[in-house]
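Please look through the sequence and the model below before reading on. The report that comes after them is meant to be read with both in view.

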Amino acid sequence: MLVLVAPGQGAQTPGFLTPWLELPGVRGALEAWSEAVQLDLIRYGTEGDAEEIRDTAVAQPLLVAAGLASAYTLFDDPAELPRKVGAIAGHSVGELTAAALAGVLSDEETIRLVRARGLAMAEAAAVTETGMSALLGGDPQVSVAHLEKLGLTPANVNGAGQIVAAGTLEQLAALNEDKPEGVRKVVPLKVAGAFHTHHMAPAVDALAKAAEDLTPADPRLPYVSNKDGQTVATGTEVLTRLVGQVANPVRWDRCMETFKELGVTALLEVSPGGTLTGLAKRALPGVQTLALKTPDDLDAARELIAEHSS
């Protein structure tokens, strides 16, 4: 059984879109999405430096656009996707990529919503200097208790021994000096704020307003939610969760537990892949993984789909 997943913010790197533009249809799709949100996705994905594409308002639509473009290149006919993929999920902003691929929202609706999301979260992040850092190693229960003692939020519980802490820069500096027992390293992430915490509460209202006129369809395949790792059957509930998600922790550990319960045998990550396959290698032993990093990975991805399609 194949699971298709989409990465979240921090997966972007300078120039990562360049090789994809050589493929049929990709440039045209990106131009249309750029026009829809008045943001030059092609320029940012090919020429933007690390600081430019770290901007939340840029990074989020850029990641979703890249995920959609790579998936549509992989599946020549979008109707193939629900026939060949057993479940779909995304990490943080990747949930919007997953929602579009599951047919909950159209591509243009998704790009417009993620643009509103990025702008709202960037505005919320500008209120206080905040950030996020990954904790590598350690016992999750011990780490969570330690974070709470420092006033930090376990914003991403990613499984495979990884928790992401979020809070003010002062709180994160204190964490760097006082790591939880067993944690090997604290790694600052390339994000501009304390996402999935109370610091993002203003963005929830803005996103709810942006979603008011949308009429979501029910997902065409099992959609696994970050909120609790449960599959969500209705488009209305998917959209409600997408709105609230910006101020709530991401429970990717529970998503992977659900993949296991569903009988996953392979996990494929759309562009810019790598982060989620890395977590799956540690948390889902025996499951084949593949990340779409460049078009050179497409042949291997098609072989994986042929072998593991549901």
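This is a predicted model: local features need pLDDT of at least 70, side-chain atom pairs count only at pLDDT 80 or more; totals for chains, interfaces and linings use all residues.

Residues are numbered from 1 along each chain as its sequence is written, and side-chain values use heavy atoms, with hydrogens and water left out.

**The sheet.** Four strands, in the order β4-β5-β3-β6, make up an open sheet with antiparallel pairing. Because β4 and β6 stand at the edges, each with a single partner strand, one side of each is left without a neighbour in the sheet. Neighbouring strands of this sheet are turned against each other by 25° on average, direction ignored. Helices here are DSSP runs of H or I with at least four residues, and strands are runs of E with at least two, both numbered from the N terminus; two strands pair if DSSP finds at least two bridges between them. Between the antiparallel strands β4 and β5 there are five bridges, and P154 stands opposite A165 in β5. Helix α8, residues 169-177, packs on the sheet and touches β3, β5 and β6, its direction making about 135° with that of β5. For such angles, axes are lines fitted to C-alpha atoms, for helices over the stretch in contact, and the angles run from 0 to 180 degrees between N-to-C directions; contact means heavy atoms within 4.5 Å.

**A covered helix.** Helix α10, residues 235-245, is mostly covered, since eight of its 11 residues are buried, where buried means under 20% relative accessible area, exposed over 50%, and partly exposed in between (1.4 Å probe, protein chains only). Among the buried residues of α10 are V238, L239, L242 and V243, and what covers the buried residues includes α5, α6, α9, β7 and β8.

**The pockets.** A pocket is an open set of points on a 1 Å grid over the protein atoms alone, where a 1.4 Å probe fits, with protein on both sides within 12 Å along at least five of seven lines, and its lining residues have an atom within 4 Å of a point. Grid points are joined across faces, edges and corners, and a volume is the space filled by probe spheres set on the points.

| Pocket | Volume |
|---|---|
| Largest pocket | about 450 Å³ |
| Second largest pocket | about 170 Å³ |

The largest pocket is lined by 26 residues, of which Q9, G10, A11, L189 and T275 lie nearest its centre. The largest share of this lining, three residues, comes from α12. The lining of the largest pocket divides into 13 nonpolar, 11 polar and two charged residues, where Ala, Val, Leu, Ile, Met, Phe, Trp, Tyr, Cys and Pro count as nonpolar, Asp, Glu, Lys and Arg as charged, and the others, Gly among them, as polar. In the second largest pocket, α6 gives the largest share of the lining, five residues, and by class that lining has six nonpolar, no polar and three charged residues.

**Backbone details.** Q38, which is not a glycine, has a positive phi of about 55°; Q38 sits in the loop between α1 and α2 and counts as exposed at 61% relative accessibility. S92 likewise has a positive phi, near 60°, and lies in the loop between β2 and α5, but S92 counts as buried at 9% relative accessibility. A cis peptide bond, with omega about -5°, joins S271 and P272, and P272 is placed in the loop between β9 and α12.
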